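Here is a short report on side-chain contacts and backbone details in one protein structure. Please keep the model open while reading.

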Amino acid sequence: MRKCIALLLALILTTGCMSFRSGSLPHIPKEDLKVDKDYKKRDVSFSVSYYQQVGDDIIISQKQLQKTIKDSFKKSQLFNRVYSTTFAAKSDYHYHFDLKLTGTSYEDQQATGLVAGYLLLTIPVWMNFYLDITMYLFVDGKEVYSVTTSDRVTDLIWLPLAVTWIFANHATMGAHIRKHSLKYFISEIKRNKLYAIPTADHSVQARPNNLKFLDEDNSQNEEIENDTDTASSEELL
């Protein structure tokens, strides 16, 4: 009898919960972003770093994020070959994605679960989780662009929500955040023509105006090197 009661309580505790988003993901404009047809598609590498402050119940795993990135990049048809690598082994044209998952600590989650159990889920309690995904673009080893998407996932534990858990859980919320974030990142790549940023073997004329500072940095370095060579020559004379 006790085992049956324990199993029943466990079932209630695991299903009397609803996960929902705060809806703070960035808006994706519906305008048609045309891609330059005369640019040369190139290979692109990407890497992922992952930080999770909360417990073992993962909303988005590193493996899930990597798969979504690869699928989204291929589907965009902006690149030639898409491959995953480490940040240290990044290519001259590289995107790095940093995911941070913070929120209610594992100890607080346990305490909230106990409170819900003692109250038999008659009074709603909740936990919050915050997800930030930042996309960085590195060209020739330099960071030239970054953009972040953020969202909050709330777990509301309450007996009347037992049925909603089937379609409103961490898996469904995480899938939506991953897909929406990558759609937004792809739209930003198109909007800023980041796909046309040349690496060492491409002309700098295709580079967007807001990234001309790369050329300025290179010219300044060349001037410093020329001044150093001139000073050395004068000393020899």
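The sections below cover salt bridges, strands, aromatic rings and a few loop residues.

## Basis

This is a predicted model, in which local features need pLDDT of at least 70 and side-chain atom pairs count only at pLDDT 80 or more, while totals for chains, interfaces and linings use all residues. Residues are numbered from 1 along each chain as its sequence is written, and side-chain values use heavy atoms, with hydrogens and water left out.

Helices (H or I, at least four residues) and strands (E, at least two) are DSSP runs, numbered from the N terminus. Buried means under 20% relative accessible area, exposed means over 50%, and partly exposed lies in between (1.4 Å probe, protein chains only).

## Salt bridges

How many salt bridges does a search of the whole structure find? The search returns six. The criterion is a side-chain nitrogen of Lys or Arg within 4 Å of a carboxyl oxygen of Asp or Glu.

One of them joins the side chains of D43 and R81, at 3.7 Å from N to O. This pair links distant parts of the chain, 38 residues apart. D43 sits in the loop between β1 (17-21) and β2 (44-52). R81 sits in the loop between α2 (62-76) and β3 (82-84). D43 has a relative accessible area of 31%, so it is partly exposed. R81 is also partly exposed, because its relative accessibility is 45%.

D71 is partly exposed at 40% relative accessibility. K67 is exposed, with a relative accessible area of 55%.

D98 and K100 form another salt bridge, at 2.3 Å from N to O. D98 is buried, with a relative accessible area of 12%. K100 is partly exposed at 38%.

Is strand β4 mostly covered or mostly open? Strand β4 (residues 93-103) is mostly covered, with eight of its 11 residues buried.

β4 runs parallel to β2, and eight bridges join the two. Strands pair if DSSP finds at least two bridges between them. Q52 has L101 in β4 as its bridge partner.

## Aromatic rings

The structure holds 11 aromatic pairs. Rings of Phe, Tyr and Trp (its six-membered ring) pair if their centres lie within 6.5 Å; planes under 30 degrees apart count as stacked, over 60 as edge-to-face and the rest as tilted.

The F73 and F79 rings have centres 4.9 Å apart and planes at 35 degrees, so this pair is tilted. F73 and F79 are both buried. F87 and F138 have ring centres 5.1 Å apart and planes at 75 degrees, so their pair is edge-to-face. F87 is partly exposed at 35% relative accessibility, whereas F138 is buried at 11%. Elsewhere, ring pairs link F46, F73, F79, Y93, Y95, F97, Y184 and F185 into a cluster.

Which residues place a charge over a ring? R42 lies over the face of Y93, at 5.3 Å from the ring centre. K90 lies over the face of F138, at 5.6 Å from the ring centre. The test requires NZ of Lys or CZ of Arg within 6 Å of the ring centre and within 35 degrees of the ring normal.

## Loop residues

Q77 is not a glycine, yet it has a positive phi of about 60 degrees. Q77 lies in the loop between α2 and β3. Q77 is exposed, because its relative accessibility is 57%. D140 is not a glycine either, and has a positive phi of about 55 degrees. D140 lies in the loop between β5 (125-139) and β6. At 40% relative accessibility, D140 is partly exposed.

N169 lies in the loop between β6 (142-157) and α4 (170-191). N169 is buried, at 13% relative accessibility. A polar atom of the N169 side chain lies 3.0 Å from the backbone nitrogen of A171.

Notes: A polar contact is a pair of N or O atoms within 3.5 Å; within protein, one must be able to donate a hydrogen and the other to accept it, and residues adjacent in sequence count only if both atoms are side-chain atoms.
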